[in-house]
Amino acid sequence: MTLTPEELYNKYQHYAERTLCEVFPDPHNLAKKKGIEYEDLVQYAKLGLWIGCLTYNPKKSKFNTHAINSIKWNLFKSLNKENGLIKLEEKRKYSESELYDVVSMDQQIFDDNEEKTLHELIASKDDTYKTGLGNVLINECLNRLTGFQKEILKLRLEEYTFEQIGSMYNMTKEAIRQHMKKMKVKFINLREVELV
């Protein structure tokens, strides 16, 4: 009998906190270092479990393996996002120059009642033809990757190490490195075709 995602979640919800404590032996200290609450870490783990329940396919893997990998993946992803956040102390007065230092080019701003980023408003000296051609090549490269390779590439772009990615998929870091080499070959081959 196949369980629904809700039934899986209810049955295995203990996996979330257990996996959190296995991945990070001192999660309370980690939360403190990141400037977040321990309960936030637990929520990241629970969300990972829920994603695992929604995406589980009994024909591809055991639930335990899939759920634990999903929890790990969501923990690492969420913590990387936490590192990217700018956090200001609530009671501290910041000088104008300090505030300028923390503004990101991806900061959402409003222009003519439309939400835009600073990137979109600042003029660029880029050659739009080259940029457009580059975007076409990038899309073509991505279309040639398998779903798994896209996942690895995304994690590498989020600055995960080969070892971290390997642990998410129960693979060695060398296996992940080999997947990256295969992707690089695809990109090089496509570029050579485009240049001819």
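**View 1. The largest pocket of the predicted model and its lining.** In this predicted model, the largest pocket has a volume of about 370 Å³. Its lining is made up of 14 residues. Those nearest the centre of the pocket are His-66, Ser-70, Trp-73, Glu-151 and Tyr-169. By residue class, the lining comprises six nonpolar, six polar and two charged residues.

**View 2. The helices that supply the lining of the largest pocket.** At least two lining residues come from each of helix H4 (38-55), helix H5 (63-84) and helix H9 (147-157). Which helix gives the most to this lining? Helix H5 does, with five residues.

**View 3. The aromatic pair of Phe-148 and Tyr-169.** The structure holds seven aromatic pairs. A pair of aromatic rings is described by the distance of the centres and the angle of the planes. The rings of Phe-148 and Tyr-169 form an edge-to-face pair, with 5.1 Å from centre to centre and 90° between the planes. Phe-148 belongs to helix H9, whereas Tyr-169 lies in the loop between helix H10 (162-168) and helix H11 (173-195), so the pair ties together parts that are 21 residues apart in sequence. Phe-148 is partly exposed, at 23% relative accessibility. Tyr-169 is likewise partly exposed, at 23% relative accessibility. Tyr-169 is also among the residues nearest the centre of the largest pocket.

View 4. Tyr-56 is placed in the loop between H4 and H5. The C-alpha atoms of Tyr-56 and Ala-67 are 7.8 Å apart, although eleven residues separate the two along the chain.

**View 5. The buried side of helix H2.** Helix H2 spans residues 14-23, and its buried residues include Tyr-15, Ala-16, Thr-19 and Leu-20. Why do these four residues lie on the same side of H2? They cover an arc of only 130° around the axis, which puts them on the same side of the helix.

**View 6. Thr-2 and Pro-58.** Thr-2 is found in the segment before H1. With a relative accessible area of 66%, Thr-2 is exposed. Its C-alpha atom is 8.6 Å from that of Pro-58, a residue 56 positions away in sequence.

**View 7. Confidence of the prediction along the chain.** The mean pLDDT of the protein chain is 77. A value of 70 or more is reached by 66% of the residues. Which elements have the lowest and the highest mean pLDDT? Strand S1 (residues 108-111) has the lowest, at 50, and helix H1 (residues 5-12) has the highest, at 93.

How values were computed. Residues numbered from 1 in each chain as written. Predicted model: local features only at pLDDT ≥ 70, side-chain atom pairs only at ≥ 80, totals over all residues. Heavy atoms only, no water. 1 Å grid on protein atoms, 1.4 Å probe; cavity = no way out; pocket = protein on both sides within 12 Å on 5 of 7 lines; lining within 4 Å. Points joined across faces, edges and corners; volume = space filled by probe spheres on them. Nonpolar A, V, L, I, M, F, W, Y, C, P; charged D, E, K, R; others polar. pLDDT = per-residue confidence, 0-100. Buried < 20%, exposed > 50% of the residue type's maximum accessible area, 1.4 Å probe, protein only. Arc of directions from axis to C-beta. Phe/Tyr/Trp six-rings, centres within 6.5 Å; stacked < 30°, edge-to-face > 60°.
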